[in-house]
Amino acid sequence: MSNLLNVSPSPHLHGTETTRKLMFGVVLALVPTLVTSVYYFGWGAIIVTLTSVVSCVLFEYLIQKFILKRPNSITDGSAIVTGLLLAFNLPSNIPVLLVVIGSFVSIAIAKMTFGGLGNNPFNPALVGRVFMLISFPVQMTSWPVPSGFNTGYTDAVTGATPLAILKEGINNGEQISSLMEKIPSHMQMFYGYMGGSMGEIAAVALLIGFAWMLFRKIITWHIPVSVIGSVAIFTSILWLVNPEQNADPVFHLLTGGILLGAIFMATDYVTSPMNPVAMIIYGCGIGVITVIIRVFGAYPEGVSFAILIMNAFVPLMNSYIKPVRFGEEVKNV
Amino acid sequence: MLKTFPAGGVHPPENKITANAPIQYLPVPENVIIPVSQHIGAPATPVINKGDYVKTGQLIAAAKGYVSSNIHSSVSGKVNKIDNAPDSSGYKQPSVFIDIEGDEWTDTIDRSPEIIQEVVLTSEEIIKKCVESGIVGLGGATFPSHVKLTIPSGRKCEVLIINGVECEPYLTSDHRLMLERGEEVLIGTTILMKALKVESAMIGIESNKPDAISHMSKLATDFKGITVIGLEVKYPQGAEKQLIKALINREVPTGRLPLDVGTVVHNVGTAFAVYEAVQKNKPLFERVVTITGKSLKHPGNFFVRTGTPLSSLIDAAGGLPEDTGKIVAGGPMMGKAINTTDVPVVKGMSGVVLIPLTESARMKINPCIRCAKCVSVCPLNLEPYLLMTLTEKNLVERAEKERITDCMECGSCSFICPAGRPLLDYIRLGKSIILKMIRERNLK
């Protein structure tokens, strides 16, 4: 035997989970969504996703190596997740240069400036996305109509998203019942046949990813369920009060970024709260703010803003919302 | 549905390699080193001198004060010296070195194989017997048992809990004891019930030991007031407060004792030791130890005399494997890594785990990704990531407010952390700083 023994404090066992396995677990959960976005948007989806992932990883590598001069961290997979999520939040016909700029903002400004993985207060992919939405509003809101590989990358036919149709129609004084005729049916929307960011349209693919992440214990149910639940409850109330001015809850859940946001963006480890009670409050906050922006705000969609706003409250929630400690509530004494 | 505790917990791979290995008697070694402190509380005072001849079972060090315990010789022979020797904690302790000559037991010990059912002693006599026999908690904490058996006036114990959970991976000493000495364990339980003046007792066993559950349940039908309860497999269910929560759904408040919720917990090993002390007049100088490891040739369970060097135990199990990277005294979740096989087996050592080199090193420390897994597995609902950060930044007052001193060091947080962060190391450090601070505060 070797004469030297390892000596360390307990525990002497470690679970099989590692940061890298968790991150690649998320990547795997995003595969169904990747498949549907390629199916609906063809070359555009492939080009935008590849550009986004490659540039995110590259920026992280370059910053670690030449600016921070720290060990390479790209193998942990978090830059890949950021790249995928950023791409899924973009229209599939967006120019490559803009994707690179968005990736730079996500990684360089929103993530590495704060010290890299684990330190960023705001979701990097969403910071990139919102930066692009404000800086390039035209390109960011021209949504290709799903047509697979039938059209090329930049010459895709564009059309409005269901949420944009709804917003514009309501502002023009139209009734929901007539607007709904211009919008795909709920079933079509469930499978993703509508305009929108390439990763947000297919509810079915997102839900498969959700099921996988729950099964693999990558995330817990708290955040997604509270986001989805609060949106459902809030929009139900509005719908019941005035069904001619407000869309039904199923419409709200299937359109825009609710599912992508609830399942993949709000659950980002780094920028979400650390205990179940705070997670539920955080999730409900996202749901409520999203609906307020959608129904009462100027933008047709508000998931990105809602998540970023709630991100800002996370440190506060971690400080003031505490789990009930074992033995704290004095019972049976 | 099986009972368990609600908050937190992890599922380390069980690796109960020795679950089917019957308990063997380890041959008496050539010499033993018996530390005078094998328990929580004041070390015992040696009552023999160098050169004395001692018999097996003879008192060699007497308890010093109330929270302390008698130490008996586990062998017969000549006292070589009384000197400091390292124990499994790595610190040197005063110990009695005995060179063995034969195996001559003191006459008072009943060595017949006959099982004595009838309990004749009164409550006070039983407690006195436990004091004399040096009985301590054999689950690992080694708290002197008589202290737990003495109910202060005005208080009442409603139910006795016997801990047969054995939630640590690898260890099977309690499992085998229940299978092979189940009747003695139950008589021991009856004795403990009598000492505590309670009518009912519960034996909690995790469902990964179905044979022990069915065996004990069958035997228990002949004993009044004892029920056997199967529990869901979850670490750290063998922790006193978690077991109480699982079995009777009562939460022991911070800083209080199980008696404050009307119960007392003893280990099955302790129940067996109490049986031997009360019915057979045999002091505690021998216990079941699991010697195990993935590369070990003959892992097994042994009755080992206290003071036996670990090397003798390892030799009996086929010798130290080539690829040994770490030797753990106790279970792999809460046991202590030791740096030499010369340390003696003591009363609280329920197992020795030899971990192969490939599994013995810790993983590289990565940045915290704030996944909240440490929070979700903490059985006490603490926030390990926060306690670690606060300790790192020396914000000890805040750590105290976050109840760092509640931590029982089960290691679930370090076990689960995907970034391999040494959460428990820092929490221990923070705890020790704060406990020192509290002591100083109390002096003022």
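1. The values below are computed from it, so read them as a description of the prediction.

2. **The overall build of chain B.** Chain B contains 14 helices and 17 strands. Its C-alpha trace spans about 65 × 50 × 50 Å along the principal axes. A compact globule of 444 residues would have a radius of gyration near 22 Å, and the 21 Å of chain B agrees with that. Of the 444 residues in chain B, 55% are buried. Look also at which parts of the chain meet: among contacts between residues at least 6 apart in sequence, 73% join residues at least 24 apart.

3. **Two domains.** Chain B is divided into domain 1, covering 1-22 + 107-361, and domain 2, covering 373-443. Notice that domain 1 is written as two stretches of the chain. The centres of the two domains, taken over C-alpha atoms, are separated by 27 Å. Where they touch, domain 1 of chain B gives 13 residues and domain 2 of chain B gives 14 residues. On the domain 1 side of this contact there are nine nonpolar residues, four polar ones and no charged ones.

4. **The nonpolar core.** The largest nonpolar core has 223 residues, and B:Val274 and B:Leu313 touch the most other members. Leaving aside residues up to four places away in sequence, B:Leu313 touches B:Leu26, B:Val289, B:Ile291, B:Phe302, B:Val304, B:Thr308, B:Val345 and B:Val352.

5. **Where the chains meet.** The contact between the chains takes 57 residues from chain B and 33 residues from chain A. On the chain B side, the elements that give two or more residues are β15 (324-329), β16 (336-338), α13 (412-416) and α14 (423-443). Which of these elements gives the most? That is β15(B), with five residues. The chain B side of the contact divides into 32 nonpolar, 11 polar and 14 charged residues.

6. **A four-stranded sheet to trace by eye.** In chain B, four strands form an open sheet in the order β2-β8-β7-β4, with antiparallel pairing. The strands β2 (31-35) and β4 stand at the edges with a single partner strand each, so one side of each is left without a neighbour in the sheet. Next, nine bridges join β7(B) (residues 77-86) to β8(B) (residues 92-100), with B:Asp83 opposite B:Ser95 in β8(B). These two strands form a hairpin with five residues between them, and in the turn B:Gly90 has a positive phi of about 95°.

7. Most residues other than glycine have a negative phi, and most peptide bonds are trans. That makes the exceptions worth a look. A:Lys69 is not a glycine, yet it has a positive phi of about 50°. A:Lys69 sits in the loop between α2 (43-67) and α3 (78-88) of chain A. Is A:Lys69 buried or exposed? A:Lys69 is exposed, because it has 8 other C-beta atoms within 10 Å, and 12 or fewer count as exposed. B:Ala372 also has a positive phi, about 70°, without being a glycine. B:Ala372 lies in the loop between α9 (357-360) and α10 (373-377) of chain B. With 22 C-beta neighbours inside 10 Å, B:Ala372 counts as buried.

8. **Two cis peptide bonds.** In chain A, a cis peptide bond with omega of about 0° joins A:Ser10 and A:Pro11. A:Pro11 is found in the segment before α1 (19-41) of chain A. In chain B, the bond from B:Tyr235 to B:Pro236 is cis, with omega near -5°. B:Pro236 is found in the loop between β11 (226-231) and α6 (240-248) of chain B.

Terms used
Residues are numbered from 1 along each chain as its sequence is written. Chains are lettered from A and ligands numbered from 1 in the order in which they are written. This is a predicted model: local features need pLDDT of at least 70, side-chain atom pairs count only at pLDDT 80 or more; totals for chains, interfaces and linings use all residues. Two residues are in contact if their C-beta atoms, placed from the backbone, lie within 7 Å. Ala, Val, Leu, Ile, Met, Phe, Trp, Tyr, Cys and Pro count as nonpolar, Asp, Glu, Lys and Arg as charged, and the others, Gly among them, as polar. Domain bounds come from an automatic or database domain assignment. The radius of gyration is taken over C-alpha atoms; the globule rule is 2.2 Å times the number of residues to the power 0.38. A residue is buried if 20 or more other C-beta atoms lie within 10 Å of its own, exposed if 12 or fewer, and partly exposed in between; C-beta atoms are placed from the backbone. A nonpolar core is a set of buried Ala, Val, Leu, Ile, Met, Phe, Trp, Tyr and Cys residues joined through C-beta atoms within 7 Å. Two strands pair if DSSP finds at least two bridges between them.
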